[in-house]
Amino acid sequence: MLTIGDKFPEFALTGVVSNNPSDGFVDISDKSYEGKWKVVFFWPKDFTFICPTEIAAFGAMNEEFEDRDAQILGVSTDSDFVHMAWRKDHEDLNDLPFPMVSDIKRELCEGLGILDTDAGVALRATFIVDPDGIIQHVGVNGLNVGRNPQETLRILDALQTDELCPCNWNKGDDVLKVA
């Protein structure tokens, strides 16, 4: 699995940004959102139980990530058409403010080393990538355990200070000073 300090892989995938087939599909690549931090999180499958709770929670916090000049990208190995159908079907995903990206060929998952080979789906992984495309945080949960978007935001805040941040540090708290 790629880790801290590694370059996030190049990719060119299709994202779903609305429920309208005429303008809901967009090309998204590693060059999209240049100069921004990226929070790229993966879920195993659409039309499941844990995944929409996480996706909706990230969606509810989208403005907070935007305030930190960060773009959220949600990714699974389902097709772009399945993503659109799920957005239309699931009330909590109807107005999702960030792209649902399709890695149907599993190239990005394999490049990152987060493909569960037994299930053939993405592990529940989260990457925080700096504006230079370098991975600054990786978190991976088992397929049956949801993650905490609040913690992802806290880590992003800490990374953006470029300071020493102690345990349980939150934005606005004092950072550590070493004499």
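This is a predicted model: local features need pLDDT of at least 70, side-chain atom pairs count only at pLDDT 80 or more; totals for chains, interfaces and linings use all residues.
1. A salt bridge is a side-chain nitrogen of Lys or Arg within 4 Å of a carboxyl oxygen of Asp or Glu. By that criterion, the structure holds seven salt bridges.

2. One of the salt bridges is formed by Asp-30 and Lys-31, whose closest N and O atoms are 2.9 Å apart. Asp-30 counts as partly exposed, with a relative accessibility of 22%.

3. A second example is the salt bridge of Arg-147 with Glu-54, in which the closest N and O atoms are 2.9 Å apart. This pair links distant parts of the chain: Arg-147 belongs to the loop between S9 and helix H5 (149–161), Glu-54 belongs to helix H1, and the two are 93 residues apart. Both Arg-147 and Glu-54 are buried.

4. Lys-177 and Glu-163 form a further salt bridge, and here the separation of the closest N and O atoms is 3.9 Å. Lys-177 and Glu-163 each lie in the segment after H5, 14 residues apart. With a relative accessible area of 67%, Lys-177 is exposed. Glu-163, at 40%, is partly exposed.

5. The aromatic residues form the next topic. A pair of aromatic rings is described by the distance of the centres and the angle of the planes. The count for this structure comes to 10 aromatic pairs. Among them is the tilted pair of Phe-41 and Trp-43, with 5.6 Å from centre to centre and 45° between the planes. Phe-41 is buried, its relative accessible area being 0%. Trp-43 is likewise buried, at 0%.

6. Phe-47 and Trp-86 make another tilted pair, at 5.9 Å centre to centre and with 35° between the planes. Why does this pair tie together parts that are 39 residues apart in sequence? The reason is one of position: Phe-47 lies in the loop between strand S3 (37–42) and helix H1 (51–60), whereas Trp-86 lies in helix H3 (residues 80–89). Phe-47 counts as partly exposed, at 42% relative accessibility, while Trp-86, at 1%, counts as buried.

7. The residues of these two pairs also belong to one aromatic cluster, which consists of Phe-41, Trp-43, Phe-47, Phe-58, Phe-65, Trp-86 and Phe-98.

8. The last point concerns His-137, a residue of strand S9 (residues 135–141). Is His-137 buried or exposed? His-137 is buried, with a relative accessible area of 18%; the class follows because buried means under 20%. Leaving aside residues up to four places away in sequence, His-137 touches Ile-4, Thr-126, Phe-127, Ile-128, Ile-155 and Leu-159.

Notes: Residues are numbered from 1 along each chain as its sequence is written. Side-chain values use heavy atoms; hydrogens and water are left out. Helices (H or I, at least four residues) and strands (E, at least two) are DSSP runs, numbered from the N terminus. Buried means under 20% relative accessible area, exposed over 50%, partly exposed in between (1.4 Å probe, protein chains only). Contact means heavy atoms within 4.5 Å. Rings of Phe, Tyr and Trp (its six-membered ring) pair if their centres lie within 6.5 Å; planes under 30 degrees apart count as stacked, over 60 as edge-to-face and the rest as tilted.
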